[in-house]
Amino acid sequence: MQHIIIIGGGLGGLFTGALLTKEGYRVTVLEKNATIGGGLQTFRRGGMTFETGMHMLGGLRQGGSVHKICHYLGITDQLQLRDVDHDCMDSITYQSDGMTYRIPEGREAFTAYFVQLFPHEAQAIRDYVESLYRIANEVDFFYLRSGNRALLSHSDQFFWSVTQLIDHYIKDSRLRDILAYMNPMYGGVADHTPAYIHALINVLYMSGPSRFIGGSQQLASALAKVIADGGGQVLSGEQVTAVHVDKDRLCTSVTTAKGHEFCADYYISAIHPSRLVDMADAAAFPKSYRMRVASIPNTYSAFTVYIKFHQDTFPYINHTCYFQDDYGYVWKHSEYDANDEAWPHGFMYMTCADEPCQQYASKMIVNCLMPFSAVRQWENTTVGHRGSDYEQWKQQLVERVFWRLEQLHPGIRKCVDEFWSSSPLTIRDFFGQPEGALYGVRKDCQNIMLSQLPIWTKVKNLLLTGQNINLHGICGVPLTAVNTVEALVGQNKLIEKINNLYNKTYGKD
């Protein structure tokens, strides 16, 4: 039984570890935080459990890729999920004209809804939606199909920018803006984010999103149990600080902040590649590789407000809500001007599921996109020691968010019992993401090869996994975990096992 050490106990590290355990490897996962899970982590304030990052789930309904992977791992019955409203998976409200768009799930329903609202763009809408599914279908791995995984064996549209794709079909400026509303879900940047990212995320959520009932930590716990039941271990509070590589470019061990040394046959990094490079011996990676990793841009970050409501005062909303000040801001939400008292010009907010059916919400999470530059003056501070000026700054932003929420839901402030907030610094320090990058490194269609890091590194027994490789999110990270595992067991070997077991249980699609 070969031993594998995984650096980082987030979504990528845990899925990779669980899948390797099923393949007969002995796995040790080393997580720096006291709580495992990365973006799956939850925390408690005011007697409430809040999710830190995994609020919306695509691919977990029957037939979805993540559902297939979880079924293979035997954990589907351990996950408590609730589907969002089928006739409104997302709503978008524009303050400028008071319009609220209630977007249904399903390819046909999605298309019909916008055709009804914008009849003059009817054929263009149909062609646009067709292009999303056509682009997504080029990625066999997205559907857990065996096939060609070469990045460059795709259509031209695959590598267009999102804005180029939308503008190619849609001429109505309002509709262009609306159709780009999901960009906060993937760190979208106008003229830079590849069309395939936009297509995969849209197709994923059109298929029907879900929510965790009671918080996302349950998935982390289920994956950790798979590893433990297979003879492995998931160790929290073990921050890897050094990766030791010999002259033959073989990783020999890793050392943690507690002074513990761990040795294995293979090592897998599930953390940001720049963090890995920084902690590795100088001779581990050639200078060109170090420079390349350092030059990859990161996605933007977020300012988040966590709200606890008084009991039975604010209605539960069973879908994700988006707010925009006006049309034309959809690609500008990550911009920040300290002197702009109207900030935020847009955000995403959601009430959280506590039970299968509920009338009232106990809490709400509000995510406002934000660049790291907004907190640059405090970048050398640590958690709990950022100073009174930082706390005052956060309080001012919280009040602006409440001002916006009051416009959307008059009287909501009276429903609030307590609230807390976090900034890009929080994401940086708890998740270990440089500049608090929400989705790790940023894919750029103008330099598509820069951010495409291979699974195998220059160190012979060191591999990569996690959101910085291939795709991010609840679907992309587990798929990347499959990719990483197949680098060891053979391409398409694991996919075949996952599909065979699934078809045996549910029948072929």
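Is Lys 497 buried, partly exposed or exposed, and what is the relative accessibility of Lys 497?

Author: Lys 497 counts as partly exposed, at 40% relative accessibility. Here buried means under 20% relative accessible area, exposed means over 50%, and partly exposed lies in between, with a 1.4 Å probe and protein chains only. The model is a predicted one, in which local features need pLDDT of at least 70 and side-chain atom pairs count only at pLDDT 80 or more, while totals for chains, interfaces and linings use all residues. Residues are numbered from 1 along each chain as its sequence is written, and side-chain values use heavy atoms, with hydrogens and water left out.

The side chain of Lys 497 meets that of Glu 23 in a salt bridge, at 3.0 Å from N to O. The pair links distant parts of the chain, 474 residues apart: Glu 23 lies in the loop between α1 (11-22) and β2 (26-30), and Lys 497 lies in helix α15 (residues 493-506). Helices (H or I, at least four residues) and strands (E, at least two) are DSSP runs, numbered from the N terminus. A salt bridge is a side-chain nitrogen of Lys or Arg within 4 Å of a carboxyl oxygen of Asp or Glu. Side chains of opposite charge can pair when their charged atoms come close.

A search of the whole structure finds 17 salt bridges. Among them is the pair of Arg 176 and Asp 167, at 3.2 Å from N to O. Both partners are partly exposed: Arg 176 has 26% relative accessibility, and Asp 167 has a relative accessible area of 30%. Lys 363 and Asp 354 form another salt bridge, at 2.6 Å from N to O. In this pair Lys 363 is buried, with a relative accessible area of 5%, whereas Asp 354 is partly exposed, at 31%. Elsewhere, salt bridges that share partners join Arg 61, Asp 83 and Glu 105 into one network.

As for the cysteines, the structure holds zero disulfides, a disulfide being a pair of cysteine sulfur atoms within 2.5 Å. For Cys 88, the closest cysteine sulfur is that of Cys 321, and the separation of 7.3 Å is too far for a bond. Cys 88 is buried, with a relative accessible area of 0%. The sulfur of Cys 475 has its closest cysteine sulfur in Cys 70, 10 Å away, which is likewise too far for a bond. Cys 475 is buried, with a relative accessible area of 4%.
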